[in-house]
Amino acid sequence: MDALRHLKQCHPRGIAISQFHTSSPASAKQHYKLLVLGGRTGGIAMSSRMKRLVGAENVAVVEPSEIHYYHRPTASLMPSGVKWVKSKVQEINPETNTVRTDDGTEISYEYLIVALGLELHYEKIKGLPEGFEHPKIGSNYSVQTVEKTWKALQDFKEGNAVFTFPNTPVKCAGAPQKIMYLSDAYLRKTGKRAKANVIYNTSLPVIFGVKKYADSLWEIVKKRDLQINLRHNLIEVRADKQEAVFENLGKPGETKWLLSPPLASLLSQQGT
Ligand SMILES: Cc1cc2nc3c(=O)[nH]c(=O)nc-3n(C[C@H](O)[C@H](O)[C@H](O)COP(=O)(O)OP(=O)(O)OC[C@H]3O[C@@H](n4cnc5c(N)ncnc54)[C@H](O)[C@@H]3O)c2cc1C
């Protein structure tokens, strides 16, 4: 908060050598009072808020993508007056208060906000990402694979429907459970639930981080006959055999096979 206060105090208009439009290629050298790396939920929210403190002309956002995941053009999300540098950051040099982008532009800053999000690393699981070629394996964390879950659910006939929560940072801790509840509801609605084992294998030692909600969720999973396995981390997918292999984090060295899962909504990512 001290940094924010200082930033507000030292807002002499026009100190920053910046440009006023929102989307042009980066020039050779630029300076901004506030530089934000990443132009999505975090970066857009912060630049929108901070421009009120320091003036929009003193704020720039570095973001290479033209389109947001939710199919909105980045230009429509960028706060007005804030400069959009349409490049990828290659280097951050905190000693000189500069960053370098992939087109060689050096941008200096007084304050830097890093909002680069998480990267997906499916290759950390043996058998992925090539396993995604199989119709019964999907992941809701990637725009490339998310639609497979719905197709797999529609094609589901009987067997195990397995949902996983990885042993890494995740973009949304609720998403793996949400899709399990939605799938359970869909299977009930379509009369297929009696032939399904709905399984949630989570690397976490709890069903949810907040006890009050965890208590309610335990009641719900019991009522809906959803099988919860704590400390179960997905380590391998054998797409051709329809097998998923999990390590028991509570008992190192112990692995478990889940046979023939007709639907596996695999959710895995690793923080950068
Ligand atoms: C299936 C799913 C369901 C979710 N449900 C919810 C929900 O119900 N409620 C909720 O609050 N949240 C939910 N989330 C989480 C929410 O989407 C994320 O928390 C949010 O998108 C994170 O925003 P971010 O700006 O930190 O990162 P990101 O959205 O990942 O954005 C990072 C940006 O940085 C850019 N970038 C990366 N590298 C560079 C680079 N080198 N140079 C320049 N730019 C770069 C990327 O292009 C990207 O645009 C969900 C997420 C998923 C996947």
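**The ligand and its surroundings**

Helix 2 (41–54) and helix 5 (175–189) each contribute at least two residues to the shell around the ligand; helices here are DSSP runs of H or I with at least four residues, strands are runs of E with at least two, and both are numbered from the N terminus. The model is a predicted one, in which local features need pLDDT of at least 70 and side-chain atom pairs count only at pLDDT 80 or more, while totals for chains, interfaces and linings use all residues. Residues are numbered from 1 along each chain as its sequence is written, and side-chain values use heavy atoms, with hydrogens and water left out.

In total, 22 residues surround the ligand, and the closest are Arg40, Gly42, Glu63, Val89 and Lys178. By type, the shell divides into 10 nonpolar, 7 polar and 5 charged residues. Here Ala, Val, Leu, Ile, Met, Phe, Trp, Tyr, Cys and Pro are counted as nonpolar, Asp, Glu, Lys and Arg as charged, and the others, Gly among them, as polar. Domain 1 (2–114) and domain 2 (122–265) each provide at least three residues of the shell, with bounds taken from an automatic or database domain assignment.

An N or O atom in the side chain of Glu63 is 2.7 Å from an oxygen atom of the ligand, and for the side chain of Arg40 the corresponding value is 3.2 Å. Lys178 places a polar side-chain atom 3.0 Å from a ligand oxygen atom. The protein covers 68% of the 1000 Å² of accessible area that the ligand has on its own, as computed by the Shrake-Rupley method with a 1.4 Å probe.

Two backbone details can be found in loops. Leu128 and Pro129 are joined by a cis peptide bond, with omega about 5 degrees, and Pro129 belongs to the loop between strand 7 (106–114) and strand 8 (137–138). Asn97 is not a glycine, yet has a positive phi of about 55 degrees; Asn97 sits in the loop between strand 5 (89–93) and strand 6 (98–101).

How values were computed: A residue is near a molecule or strand if one of its heavy atoms lies within 4 Å of it. A polar contact is a pair of N or O atoms within 3.5 Å; within protein, one must be able to donate a hydrogen and the other to accept it, and residues adjacent in sequence count only if both atoms are side-chain atoms.
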